[in-house]
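Here are my notes for you, one point at a time. Have the structure open while you read.

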Amino acid sequence: MGAGAQHQAGQPLLIVLEETPVVGVPAALEEERAVAPTITMEIEELAAAEQVVTPWEVSAPDGVDYDKLVDRFGCQRIDAAIVDRIAHLTRRPPHRFLRRGIFFAHRDLNMILDLYEAGEKFYLYTGRGPSSESLHLGHLIPFMFTKYLQDAFKVPLVIQLTDDEKFLWKNMTISECKRLARENAKDIIACGFDVERTFIFTNLSYLGGPFYENVLQVAKHVTFNGLRGTFGVNQEDHIGKVSFPPVQAAPSFSSSFPHLFPGDDQLRCLIPCAIDQDPYFRMTRDVAPKIHLLKPSLIESRFFPALQGESTKMSASDPKSAIYVTDSSKQIKAKVNKYAFSGSQASVELHRKLGANLDVDVPIKYLYFFLEDDDELDHIKKEYKEGRMLTGEVKQRLIVVLSELVARHQRARAQVTEEMVDAFMAVRPLPNMFG
């Protein structure tokens with residue numbers, strides 16, 4: 001899940017994508033016709049707003065304005081009522097990513113919850129574009145949350161590794177893309193997914209049959225103008241960039257996986273992802289009723305910021321911006337102390353008087369993601385904001401939290417064998433995937 005093409009300089013980029021009702025859709029799909037607002041914006045408007053959020057670029061000098069994103073994309077906020085409902089239905093405390101608003105927006109999540117409450121089934125779909133040897137902490141966010149959803153709802157999961165996408169967008173050979181997909185799969189498996197409920201596939205290995213049929217159905221119903229408006233492709237881009245988006249759409253439909261869901265093309269899908277992936281699935285949701293399939297639901301997260309701050313998300317290509325799951329405790333300590341942007345004041349005296357600015361402080365933001373104890377987090381925020389705790393103390397707590405997290409992941413990763421990867425990737429039925 002991930003990359004896209006750069007917009008050609010000097011050409012206005014019109015983003016016009018509308019979910020439209022279709023004549024002749026079966027009655028069972030009538031309730032699916034929640035029409036999202038038409039999104040029309042020129043590239044000049046994006047530049048004026050100084051915020052660019054696309055599947056291939058995130059840039060916001062003053063920090064990402066998530067309220068504007070929700071309005072522009074036409075998704076909905078996750079409120080306390082939804083969080084409480086998930087806790088009630090699953091009979092377990094909500095994940096910290098939910099209760100702290102890290103996963104903050106959705107499309108048709110209540111429809112999934114209604115079905116689940118009525119005893120109906122659904123499946124999960126998420127993915128990863130394998131472009132680097134090692135994952136960083138930001139890459140773990142969707143997988144940690146998807147693991148929670150799989151355990152809480154006891155549902156199957158498909159994980160797409162877009163090795164084809166990375167060949168198209170990166171200067172990489174096909175063999176290197178395939179190798180990195182398997183290496184990344186080991187990190188994903190280390191998150192604790194249940195092999196009896198999880199199918200991991202690479203596009204280069206799985207693409208074909210009913211999956212490819214759905215790719216073609218989507219491709220036939222998306223015009224080049226629509227694709228250009230959504231993803232910014234232009235006449236100088238190679239055609240691979242035009243052909244890829246339907247490949248990311250296809251796992252949204254259960255008929256793409258006949259070995260898992262034989263004869264069931266109406267099983268609903270819930271997609272946990274970062275909000276920059278929303279354009280792919282706006283396209284998918286627009287096409288779904290036209291090909292007589294169900295729109296996927298989405299649950300979308302904020303970005304995990306770079307060490308330097310929230311003007312951009314953490315990037316695997318910039319070691320100074322990222323904590324990798326292969327980093328040692330010593331490396332984590334050095335990166336946090338040297339690069340993690342602090343919201344403290346210029347001097348101890350001034351800090352004691354004015355306190356820290358928590359809105360820009362990266363160590364606090366990272367603790368918000370990874371410190372499980374709500375009471376401890378609230379205590380640190382209060383003491384730091386009022387100047388009684390110094391930035392060095394906050395960073396020290398973060399170093400401990402991240403070091404423990406990464407060490408746990410490394411121990412789990414060391415237990416993942418090639419045979420385990422083969423087992424997760426085997427095209428097979430999953431008889432125990434529900435319940």
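**Notes on the fold, the cores and the charged pairs**

1. Let's start with a cysteine: Cys269 is buried, at 1% relative accessibility. Buried means under 20% relative accessible area, exposed means over 50%, and partly exposed is in between (1.4 Å probe, protein chains only). Before you go on, note that this is a predicted model, where local features need pLDDT of at least 70, side-chain atom pairs count only at pLDDT 80 or more, and totals for chains, interfaces and linings use all residues. Residues are numbered from 1 along each chain as its sequence is written, and side-chain values use heavy atoms, with hydrogens and water left out.

2. How many disulfides are there? The count comes to 0, with a disulfide taken as a pair of cysteine sulfur atoms within 2.5 Å. In case the word is new, a disulfide is a covalent bond between the sulfur atoms of two cysteines. Take Cys75: the closest cysteine sulfur belongs to Cys273 and is 9.7 Å away, which is too far for a bond. Cys75 is also buried, at 7% relative accessibility.

3. Now the overall picture. The protein chain has 20 helices and 11 strands; these are DSSP runs numbered from the N terminus, with helices being H or I of at least four residues and strands being E of at least two. Of its 435 residues, 55% count as buried. Look at contacts (heavy atoms within 4.5 Å) between residues at least 6 apart in sequence: 78% of them join residues at least 24 apart.

4. What about the inside? A nonpolar core is a set of buried Ala, Val, Leu, Ile, Met, Phe, Trp, Tyr and Cys residues joined through side-chain atoms within 4.5 Å. The largest one has 73 residues, and Leu137, Ile299, Phe370 and Leu402 touch the most other members. Helix α6 (residues 137-153) gives the most to this core, namely 10 residues. Leaving aside neighbours within four places in sequence, the contacts of Leu137 include Phe304, Met314 and Phe370. There is also a second, separate core of 36 residues, with Tyr206, Phe244, Phe257 and Cys273 among them.

5. On to charges. The structure holds 28 salt bridges, each one a side-chain nitrogen of Lys or Arg within 4 Å of a carboxyl oxygen of Asp or Glu. One of them joins Arg85 and Asp114 (2.6 Å, N to O). Arg85 sits in helix α3 (residues 80-90) and Asp114 in helix α5 (residues 109-117), 29 residues apart. Arg85 is buried at 19% relative accessible area, while Asp114 is partly exposed at 43%.

6. Which residue pairs up with Asp278? Arg107 does, in a salt bridge whose closest N and O atoms are 2.9 Å apart. Asp278 lies in helix α14 (residues 278-287) and Arg107 in strand β4 (residues 103-107), so this pair ties together parts 171 residues apart in sequence. Asp278 is buried, with a relative accessible area of 0%, and Arg107 is buried too, with 2%.

7. Finally, have a look at helix α8 (residues 174-189), where you'll find Ile174. Ile174 is partly exposed, with a relative accessible area of 39%. Glu183 is in helix α8 as well, but Glu183 is buried, at 16%. Glu183 belongs to a network of salt bridges that also links Arg182, Lys186, Asp187, Arg413, Glu418 and Asp422.
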